[in-house]
Amino acid sequence: MPSFEEQFSKEFTTLKRTDLSVPLNEFLTTHCQSVKALICDAGIPIPLEILNCLPSLGCVQTLSAGLDHIDLVECKKRGIAVCNAGTVYSEDVADFAVGLLIDVLRRISAGHRFVSSGLWPVKKEFPLGSKLSGKRIGIIGLGSIGSEVAKRLEAFNCIILYTSRNKKPSVPFSYFPNVVDLARQNDVLILTCELNKQTFHIINKDVMLALGKKGIIINVGRGALVDEKEMVQCLVRGEIGGAGLDVFEHEPHVPEELFELGNVVLAPHNAFETLESYTDIHELVISNLEAFFSNKPLLCL
């Protein structure tokens with residue numbers, strides 16, 4: 001955003017790899033030996049090889065809420081502070097998750113295609129949707145995003161159940177330590193948890209079969225939370241009822257089988273993208289960098 005480019009240039013000396021023909025490691029080794037802080041997003045992995053090119057690095061600021069693309073163990077060993085987006089995106093992602101769910105249930109995108117393709121005068125009748133009110137919703141990961149999702153769905157008189165790393169005594173929702181049991185008790189599963197070794201493919205075939213033929217999966221977390229191949233097969237065979245997906249296991253590649261399914265809504269990993277969230281994340285990044293270079297406490301560690 002131009003306004004923040006100007007502010008950055010006033011406060012910090014920045015290095016950008018404008019010539020993409022130069023390999024990243026070569027650029028870093030040649031130009032970035034004295035770099036103290038690094039800004040990245042979820043699409044750029046920060047493994048050991050990158051860290052080795054930045055001997056003076058003291059802070060990694062990612063524009064994402066998730067940290068699965070950063071070698072956190074190595075950063076800790078080297079005393080490198082790691083900052084994420086914190087709760088900047090929570091409300092926007094929660095809005096989007098509920099929007100995906102309403103779209104799948106009420107067939108809004110499918111209805112748009114029905115009208116725009118000229119089928120309305122020909123076929124006359126459009127398949128019935130399903131109401132949101134009163135649905136049983138299982139939230140996987142009741143952190144800042146999951147809590148915002150729950151808040152919104154309570155307004156629709158939905159019944160909220162959840163699983164999380166630990167039971168949260170302060171919330172009024174029923175807790176399930178086992179994801180299969182959670183799926184068996186719900187109409188919808190909404191994924192808002194982080195991706196790590198424990199949550200990789202947390203939604204597998206057993207979970208999908210437990211969710212059942214009318215069950216819906218909404219994923220605004222990370223693509224690899226779901227066994228994508230199994231999900232595609234379950235959708236094609238009618239073993240689950242639908243899906244709203246903002247993230248995919250091998251982005252930006254999306255299984256083509258999903259394109260023709262009327263009970264699936266797809267988005268290009270943009271649940272967090274609003275003008276307001278972009279403004280907020282830029283302000284957070286500047287505040288963190290100012291704090292880092294002033295030896296003050298950082299935000300969102």
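**Exercise 1.** Work out whether Lys-124 is buried or exposed, and find what stands out about its phi.

*Solution.* Keep in mind that you're looking at a predicted model. Start with the surface: Lys-124 has a relative accessibility of 58%. The cut-off for exposed is over 50%, so Lys-124 counts as exposed. Next, find its place in the chain: Lys-124 sits in the loop between helix H7 (120-123) and strand S4 (136-140). Last, check the backbone: phi of Lys-124 is near 70°, which is a positive value in a residue other than glycine.

**Exercise 2.** Classify the ring pair of Phe-12 and Phe-293 as stacked, tilted or edge-to-face.

*Solution.* By the pairing rule there are six aromatic pairs in total. Take Phe-12 and Phe-293: their ring centres are 6.0 Å apart, and rings pair if their centres lie within 6.5 Å. Now the angle: stacked needs planes under 30 degrees apart and edge-to-face needs over 60. The planes of Phe-12 and Phe-293 are at 35°, so this pair is tilted.

Then see what the pair joins. Phe-12 is in the loop between helix H1 (2-11) and helix H2 (24-31), while Phe-293 belongs to helix H12 (residues 275-293). As for the surface, Phe-12 is buried at 13% relative accessible area, whereas Phe-293 is partly exposed at 45%. Finally, zoom out: ring pairs link Phe-8, Phe-12, Phe-292 and Phe-293 into a cluster.

**Exercise 3.** Describe the second largest pocket and the residues closest to its centre.

*Solution.* First the space: the pocket holds about 430 Å³. It is lined by 21 residues, and the closest to the centre are Ala-42, Arg-222, Phe-248, Glu-251 and His-269. Sort the lining by class and you get 10 nonpolar, six polar and five charged residues.

Two of these names deserve a backbone check. The peptide bond from Glu-251 to Pro-252 is cis, with omega near 5°, and Pro-252 lies in the loop between strand S9 (242-245) and strand S10 (264-266). His-269 has a positive phi near 50°, and its loop runs between S10 and H12.

**Exercise 4.** Which elements do the buried residues of H8 pack against?

*Solution.* List the buried residues of helix H8 (residues 144-154) to begin with: Ile-145, Gly-146, Glu-148, Val-149, Ala-150, Arg-152 and Leu-153. Then look for their neighbours: they pack against helix H5 (90-106) and the strands S4 (136-140), S5 (159-163) and S7 (188-191).

Terms used: Residues numbered from 1 in each chain as written. Predicted model: local features only at pLDDT ≥ 70, side-chain atom pairs only at ≥ 80, totals over all residues. Heavy atoms only, no water. 1 Å grid on protein atoms, 1.4 Å probe; cavity = no way out; pocket = protein on both sides within 12 Å on 5 of 7 lines; lining within 4 Å. Points joined across faces, edges and corners; volume = space filled by probe spheres on them. Nonpolar A, V, L, I, M, F, W, Y, C, P; charged D, E, K, R; others polar. Helix = DSSP H or I, 4+ residues; strand = E, 2+ residues; numbered from the N terminus. Buried < 20%, exposed > 50% of the residue type's maximum accessible area, 1.4 Å probe, protein only. Contact = heavy atoms within 4.5 Å.
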